[in-house]
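Biologist: I am new to reading protein models. Could you walk me through a few features?

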Amino acid sequence: MNIDFLQDVYWGNSVAVYLRFAIILVLALLLKRYITAIFTRLFFTLFKKFSAGYHGQQFHQLLLKPVEGILVTLFFYIAFYQLSLSFDRLALFKRLKPIKELGEHASTRLFTVMDLIDHLFLLFLLFYITLLVSRLIEFVFLVLIDKAKEHNDKERQQIMPLLRDVLKVIVWVFGALSILGTVFHVNVSALVAGLGVGGIAIAFAAKESLENLMASFMVMLDKPFIIGDWIRISGVEGNVEKVGFRSTQIRTFDKSIVAIPNRKLIDDNLENFSERGMRRVVLSIGAVYGLSRTSMETTMKEIKNRILHTAGTVGNPVVQLDGFGDSAVQIQVVFFISVKPDVDFGAIRQEVYFAIYEIMYRHAQGFAYPTQVQINAEPVDEITPGTQSV
């Protein structure tokens, strides 16, 4: 088989060089997932003991993109480096190159396609390395938070997400400075010094963000609540799900998420209902006029007994005659529901409401309601039976 054609030269490179270039690119695209899976499995062995061995899927998902990105970047650079002789001859523009020994600028220097490829290689490589470190931090804290949940350690559940976010910001800032210094040849020391001079202007521009950040640390120190607590602030009531840099997420009882700026947690009055261990429910029931005292007392006694025997309620409920309205005898009902994490407040309250509904129709002839009707029969009168109304 004659393979002399591989030595033919086109645009400064032989056919063999172009063939190597194509083979490397094809292998990179075809084998990237397979090679990435091997690397992540090998890498996971270093964390297997730490993660108790049951976070393998999460580890693979988190590291898939950065490891794949690093491998593809390396393969692409190796492929394009095969054509470096040609790319070094293709000039994009001219630029001045400083010569420190002479203390002056030399004549212009050509910026070639290969220079561009070198810069892009460093840019993508540093980016994916930074992403890899960030994802590793995320995985470590994922395991730590899961362990805190297993031990029901609410304080660690609260502080771990914030500490994770702080470390990730530090990693990305360091990565950005590395890219500026390595790829774009920015004097990082001068840049940091300049940021120090302009720090006042930045602080004024980001005043609210800095206030929220400082407030998040104050919350961690003062501990007015922990993850899972039932709180009310600025008209929002629900359970705390997450404390972040800027805001705290609260899950309301209708299952929506509300983000409250952290500075409001410090400035506004905050009520922590979890500290008292129970949540109060108050409602007023309207009974029809004409019921006997015995019927009223039986009704209120049944309501109280049903509340006492409903799982999830705590304390001693109060059921008492509260007054006389325009169209109903008012019965006040006050009871308490536990705020433990395994107690569904809405479900227990609904169970009590259903019980009251059944009792009112069983013992009190239903509910009174303000409507105007024409009565063609005798009105209810259990107090003076045998008499007729005028």
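Modeller: We will look at a helix, a hairpin and a pocket. This is a predicted model, where local features need pLDDT of at least 70, side-chain atom pairs count only at pLDDT 80 or more, and totals for chains, interfaces and linings use all residues. Residues are numbered from 1 along each chain as its sequence is written, and side-chain values use heavy atoms, with hydrogens and water left out.

Biologist: What span should helix 2 have?

Modeller: Helices (H or I, at least four residues) and strands (E, at least two) are DSSP runs, numbered from the N terminus. The expected span is 1.5 Å times one less than the number of residues. Helix 2 (residues 56–81) has 26 residues, so it should span 38 Å, and its end C-alpha atoms, 36 Å apart, agree with that.

Biologist: Where does helix 2 bend?

Modeller: A bend is the angle between axes fitted to the seven residues ending at a residue and the seven starting there. Helix 2 bends by about 45° at Leu64, with Pro66 following within four residues.

Biologist: How do strand 7 and strand 8 pair?

Modeller: Two strands pair if DSSP finds at least two bridges between them. Strand 7 and strand 8 (residues 257–261) are antiparallel over five bridges, and Arg251 stands opposite Ile257. They form a hairpin with four residues between them, and Lys255 in the turn has a positive phi of about 75°.

Biologist: Which elements each supply at least two residues of the lining of the largest pocket?

Modeller: Those are strand 6 (236–243), strand 7 (247–252) and helix 11 (345–363).
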